[in-house]
Structure formats: structure tokens, C-alpha cells
Amino acid sequence: MSAPLLSFHRCCQRSALLLVARRRWSSSSAAPGSLLSRCLLFLAKRYYDVEMLLNWRAKVGRDRLQRKNLYYGYTRKFYGPEIASAYYILSLGGGFRFVGQSEWFRANSRGKFSWEFLNYKDSLVEEVDMSHTVINYTGLSNLERQQHLRTLKLQGCPEVDDWFLAGLHMFQDSLEELDISHCTQITAGGLAALRNLRGLKRLNVSYLPKISSPGLVIILLEEMLPHCQITAEGYDLSLRQAVEETS
């Protein structure tokens, strides 16, 4: 039971009891209570119904998220890993580009997309843009066979967290560019897992709200990934500047 809802419930109960008691002392008539007291009593009685409804809604949301990130084993069995990955990306609202192709396949604002990607059954996925989608750690299983993946953009993905970053080791030999900016669940501990991406050349870690001491974190990233160009905007880098001046 959440603390805000519990406090609201108790407030309604106290207010309703005080209003009813005050009315009994002020008048001996059996007139019905005021509209306010009746509303408070109604809310107090319906508190648990509201809480149950909110919990049900949260569970439905979690179940929907998991369904969207399920492993596309059936598609992979009949069409191959490349088509299965492509279908997963598009169904989640992302986009991708095959190796040797300049055209990007993307879902539109309504989630609709062209099925022409089925004509590229043996083509490998080279670039993936999943920005602002609900991709999570479970969904990574749909990309694990893409050993030629060079670019992965995850800007503003609310479900990308430290576990997700740990799972990126599957692309350690191919990934060259990674954008995890504006991902609200990433902490400094998760960034340490990026040391496995030996071929990384460009990394965007801008606007990560859970990063404390960003100046020090960026210094550590530069030491872990000496050949990688790191973009880090939206931070107070005074600590980093102080360390550089004393070195």
C-alpha cells in the first residue's frame, strides 16, 4: 500500500468523522449530512477499490511491456534471425538499415511500416535506431544474432537500465557507435559495463539524471575507452576541469 494513498485514505476518514460528529453536536435533527461529508465518506469506503484498480492498471502495463519484448522465436524459425530482428525493431516503433543499403526501414508515428524488408532475408542489420521506444533487457534477445551491428541508438528509452547495458557485451566485436542519452534509469554502475565494447568509437552519455559526479564518471569512461569519442552534455563538469588543471 503506497504511502500517499494511505495518507489520503486516513485524511478522508478523519474529515468525514469530524464533520459527522460536529453535525450531531450542533443539531439534534436527523437531517442527512452535508454534501462534503457524504463525499468524504464515499471516498473513504471506495479507497481500496481505487487502490485495486491502480494496481491492476500497473500490472496490465507491465504485462504489455513484456509482450512487446518477447523473443520472436516463431518468426526466426521461419524467416531467419535477420528478418526476426527487423520485425521486432519495427513492431516496437524503431528503425534500421541493412548492410550495403542506404534506405532505412522505419515505423511511422502510428506504428505502421512497410513489409518490403521481407525481400532482404539474407541481409545483415548494420544500424538500429530504437530511440524513444520501450525496448528493455528482455528485448535484447531479439538482436543477439546481429553480429554486424555497428550503430545502436537508444536515446530517451525509459526501460534501458544498468542490466540492459550489461547485456550489450554480445556486440563487443562489432559495435562502434552507441547513444544512451536521456535514459533515466542508467547509473554510473551500469556505465562500467561498457568497458566490454572494445571497438566503440562514439559514445553519447548526455543528460543521464541518475549520474552523480558526472565529471569523474566521464574521466573514468575515457580511461576505459581510450579510443572512443565521448559526448556528455547537460552536466556540471567542474570536477573534471579541476582534475585536469591539477594533472
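Glu126 counts as buried, at 9% relative accessibility. Buried here means under 20% relative accessible area, exposed means over 50%, and partly exposed is in between, with a 1.4 Å probe and protein chains only.

Before I go on, the ground rules. This is a predicted model, where local features need pLDDT of at least 70, side-chain atom pairs count only at pLDDT 80 or more, and totals for chains, interfaces and linings use all residues. Residues are numbered from 1 along each chain as its sequence is written, and side-chain values use heavy atoms, with hydrogens and water left out.

Now, what does Glu126 pair with? Its salt-bridge partner is Arg150, with the closest N and O atoms 2.4 Å apart. Glu126 sits in strand S3 and Arg150 in the loop between S3 and strand S4 (151-153), so this pair ties together parts that are 24 residues apart in sequence. Arg150 is partly exposed, at 33% relative accessibility.

The terms, quickly. A salt bridge is a side-chain nitrogen of Lys or Arg within 4 Å of a carboxyl oxygen of Asp or Glu. Helices (H or I, at least four residues) and strands (E, at least two) are DSSP runs, numbered from the N terminus.

By that rule we count seven salt bridges. One of them joins Glu127 and Arg97, at 2.7 Å from N to O. Glu127 is in strand S3 (residues 125-129), Arg97 in strand S1 (residues 95-98), and they are 30 residues apart. Are these two buried or exposed? Glu127 is buried, at 17% relative accessible area. Arg97 is buried too, at 12%. A salt-bridge network links Arg97, Glu126, Glu127, Arg150 and Glu176.

Contrast the pair Asp173 and Arg198. Their side chains meet in a salt bridge at 2.8 Å, N to O. Asp173 lies in the loop between helix H6 (162-167) and strand S5 (177-179), and Arg198 in the loop between helix H7 (188-191) and strand S6 (202-204). Both Asp173 and Arg198 are exposed.

Next, the sheet. Seven strands form an open, mixed sheet, in the order S2-S1-S3-S4-S5-S6-S7. Strands pair if DSSP finds at least two bridges between them. Which strands stand at the edges? Strand S2 (104-106) and strand S7 (229-231) do; each has a single partner strand, so one side of each is left without a neighbour in the sheet.

Back to S1 and S3. They run antiparallel, joined by four bridges. Gly95 has Asp129 in S3 as its bridge partner.
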